[in-house]
Amino acid sequence: MIDPIQWVRCFAELIDEHTDELTELDAAIGDADHGSNMRRGTAAVVDALAESAPPTPAAALKQVGMTLIRTIGGASGPLYGTFFLRCAAAAGDSDFDAANFAKAFRAGLDGIVTRGKAESGDKTMFDALAPAADALDQRLADGDSLADALDAAVVAAEAGRDATIPMLARKGRASYLGERSVGHQDPGATSATLLVLAARQAIG
Ligand code: ADP
Ligand code: MG
């Protein structure tokens with residue numbers, strides 16, 4: 001079982017630890033704000049959850065999505081915000097058992113694609129999240145526990161993140177650089193890997 005609020009708190013902590021790294025990655029192929037964008041957003045989410053604890057997972061995730069859209073800014077704000085809004089809609093009133101979490105994660109990923117139109121190999125957060133969702137679904141279908149399936153999802157996200165290094169960016173600000181985007185790890189794929197790791201940490 002995953003507590004969605006714990007998931008988001010773990011994500012905020014990981015973003016806090018990696019803020020400088022995310023900003024450095026964005027300095028190379030963007031505008032050096034991904035770390036501060038994400039930190040502002042996840043800190044606001046933690047504050048909002050502390051002020052009022054929404055009664056259901058869906059209500060909590062909806063609040064997370066709305067807060068992220070309002071506070072992250074940049075290209076990634078609406079994308080992460082949409083991810084959580086779609087998660088909320090898919091979760092409904094149910095707790096996050098393995099099947100429900102996988103369904104919500106997939107719905108969130110689909111929301112990012114609907115919003116940002118990224119495809120595999122475009123050098124975006126999609127390149128970390130999509131292999132993670134596939135690994136999660138595959139392992140759960142094989143009968144693995146949620147913890148084991150999320151371990152595999154983290155490994156898949158890390159591999160997807162690392163695979164963005166040789167890619168030429170086709171979406172977002174980095175795409176303006178053309179060939180000069182090659183050789184750098186995508187900041188969004190890096191923060192997205194932390195989102196998957198946070199879910200693994202939040203298993204209760
Ligand atoms: P901005 O580019 O507006 O400064 P950020 O720096 O916060 O926003 O986020 C940049 C990240 O957003 C990129 O590294 C990439 O992973 C992600 N991104 C940008 N455009 C898209 C898109 N269309 N689909 C998916 N992810 C995207
Ligand atoms: Mg940026």
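Visitor: Which helices each supply at least two residues of the shell around ligand 1?
Guide: The structure is a predicted model, and the shell is read from its atoms. A residue belongs to the surroundings of the ligand if one of its heavy atoms lies within 4 Å of it. The helices that each supply at least two such residues are α2 (34-51), α4 (76-91) and α8 (187-201).

Visitor: Which helix gives the largest share of the shell around ligand 1?
Guide: In total, 20 residues surround ligand 1. The closest are A75, S76, G116, D186 and G188. The largest share, three residues, comes from α8.

Visitor: How many residues of the shell are nonpolar, polar and charged?
Guide: Gly counts as polar in this grouping, while Asp, Glu, Lys and Arg count as charged. On that basis the shell around ligand 1 divides into six nonpolar, eight polar and six charged residues.

Visitor: What percentage of the exposed area of ligand 1 does the protein bury?
Guide: Ligand 1 sits in the largest pocket. Oxygen atoms of the ligand lie 2.9 Å from a polar side-chain atom of H34, 2.9 Å from an N or O atom in the side chain of D31 and 3.3 Å from a polar side-chain atom of R173. Taken alone, ligand 1 exposes 570 Å², and the share of this area that the protein buries is 92%.

Visitor: Is the aromatic pair of W7 and F84 stacked, edge-to-face or tilted?
Guide: The count of aromatic pairs comes to nine. For W7 and F84, the distance is 5.4 Å centre to centre and the angle between the planes is 55°. Planes under 30 degrees apart count as stacked and those over 60 as edge-to-face, so the remaining class applies: the pair is tilted.

Visitor: How many residues apart are W7 and F84?
Guide: W7 lies in helix α1 (residues 4-29), and F84 lies in helix α4. Their pair links distant parts of the chain, and the separation is 77 residues.

Technical notes. Residues numbered from 1 in each chain as written. Chains lettered and ligands numbered in written order. Predicted model: local features only at pLDDT ≥ 70, side-chain atom pairs only at ≥ 80, totals over all residues. Heavy atoms only, no water. Polar contact = N/O pair within 3.5 Å; in protein donor to acceptor, adjacent residues only side chain to side chain. Areas by Shrake-Rupley, 256 points an atom, 1.4 Å probe, with all protein chains shown as cover. 1 Å grid on protein atoms, 1.4 Å probe; cavity = no way out; pocket = protein on both sides within 12 Å on 5 of 7 lines; lining within 4 Å. Sits in = over half its atoms within 2 Å of the grid points. Helix = DSSP H or I, 4+ residues; strand = E, 2+ residues; numbered from the N terminus. Phe/Tyr/Trp six-rings, centres within 6.5 Å; stacked < 30°, edge-to-face > 60°.
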